[in-house]
Amino acid sequence: MGKGIETKEWILQKSAELFNIRGYEGCSMNDIMAATGLQKGGIYNHFKNKDDLALEAFDYSFRAVIARFRNRLDKDKTNWDKINSMIDVLAGFYKKPVIIGGCPVFNTAMDSLNTHPLLRKKALDGLENLLKYLEIKISDGIENGEFRVIENPRKMASLILMTIEGGLVLSRIYENEEHVLIASDYVKSHLKERLFK
């Protein structure tokens with residue numbers, strides 16, 4: 001790997017952490033310079049401006065999220081296993097985040113809600129990817145007879161994601177894992193009842 005690529009990766013890693021903790025507005029170029037140990041010119045050799053850096057930092061974070069999922073999902077055989085792995089990986093972001101500061105997809109979506117349309121679009125696309133995957137696994141399980149027929153797989157996928165993300169938020173606020181574990185247990189129990197009985 002060339003030095004330029006290594007430097008760019010370093011900038012992305014440190015910036016992704018800062019944006020995930022402080023949000024776009026709460027993170028200045030001075031903060032990024034301090035975290036990377038680079039001058040503004042060194043950063044702008046790789047990125048046009050703060051907007052460009054924030055968008056690429058989100059992509060960096062999302063690639064890390066997807067890699068975490070793939071690492072676990074590649075070992076699974078059934079749709080039920082894959083759904084459970086999605087829940088476990090999401091819930092695991094509390095104790096072992098892919099980027100310091102929690103789930104970067106949800107954090108970015110909330111942070112950019114009324115401030116940064118391009119960043120918000122990227123975050124929404126990321127959330128949509130997670131929702132769609134869950135919806136497909138539920139639908140596939142129905143089609144192959146693994147699950148009983150339910151009316152709206154999309155609604156169930158949404159319930160999974162919002163419950164676990166809500167648990168993550170409360171766990172971060174209270175600084176303990178209890179809430180996300182409650183959310184995870186509840187979702188798994190609810191899914192068993194709906195999909196298998």
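What covers the buried residues of α8? In this predicted model, the covering elements include α5 (79-92), α6 (104-111), α7 (117-143) and α9 (178-196), and the tour begins with the helix that they cover.

**First selection: helix α8**

Select residues 153-174, which make up α8, a helix of 22 residues whose first and last C-alpha atoms lie 32 Å apart, close to the 32 Å expected at 1.5 Å a residue. Now colour the buried positions within the helix, which are Pro153, Met156, Ala157, Ile160, Leu161, Thr163, Ile164, Glu165, Gly167, Leu168 and Ser171. When reading such a list, keep in mind that an α-helix has 3.6 residues a turn, so residues three or four places apart point the same way.

Thr163 counts as buried because its relative accessible area is 18%, which falls under the 20% cut-off.

Widen the view to the largest nonpolar core, which holds 56 residues, and pick out Phe69, Phe93, Ile138 and Leu191, the members that touch the most others. The elements giving two or more residues to this core are α1 (3-22), α2 (29-36), α4 (50-73), α5, α6, α7, α8 and α9. Among these contributors, α4 gives the most, with 10 residues. Then zoom in on Phe69, which, leaving aside its neighbours within four places in sequence, is in contact with Met86, Val89, Leu90, Phe93 and Leu130.

**Last selection: the cysteines**

Finish with Cys27 and Cys103, and show their sulfur atoms. A search of the whole structure finds zero disulfides. Cys27 is in no disulfide, and the nearest cysteine sulfur, that of Cys103, is 18 Å away; likewise, Cys103 is in no disulfide, with the sulfur of Cys27 as its nearest cysteine sulfur at 18 Å. Cys27 is buried, with a relative accessible area of 0%, and Cys103 also counts as buried, at 5% relative accessibility.

Conventions: Residues numbered from 1 in each chain as written. Predicted model: local features only at pLDDT ≥ 70, side-chain atom pairs only at ≥ 80, totals over all residues. Heavy atoms only, no water. Helix = DSSP H or I, 4+ residues; strand = E, 2+ residues; numbered from the N terminus. Expected span 1.5 Å × (residues − 1). Buried < 20%, exposed > 50% of the residue type's maximum accessible area, 1.4 Å probe, protein only. Contact = heavy atoms within 4.5 Å. Core = buried A, V, L, I, M, F, W, Y, C linked by side-chain atoms within 4.5 Å. Disulfide = S-S within 2.5 Å.
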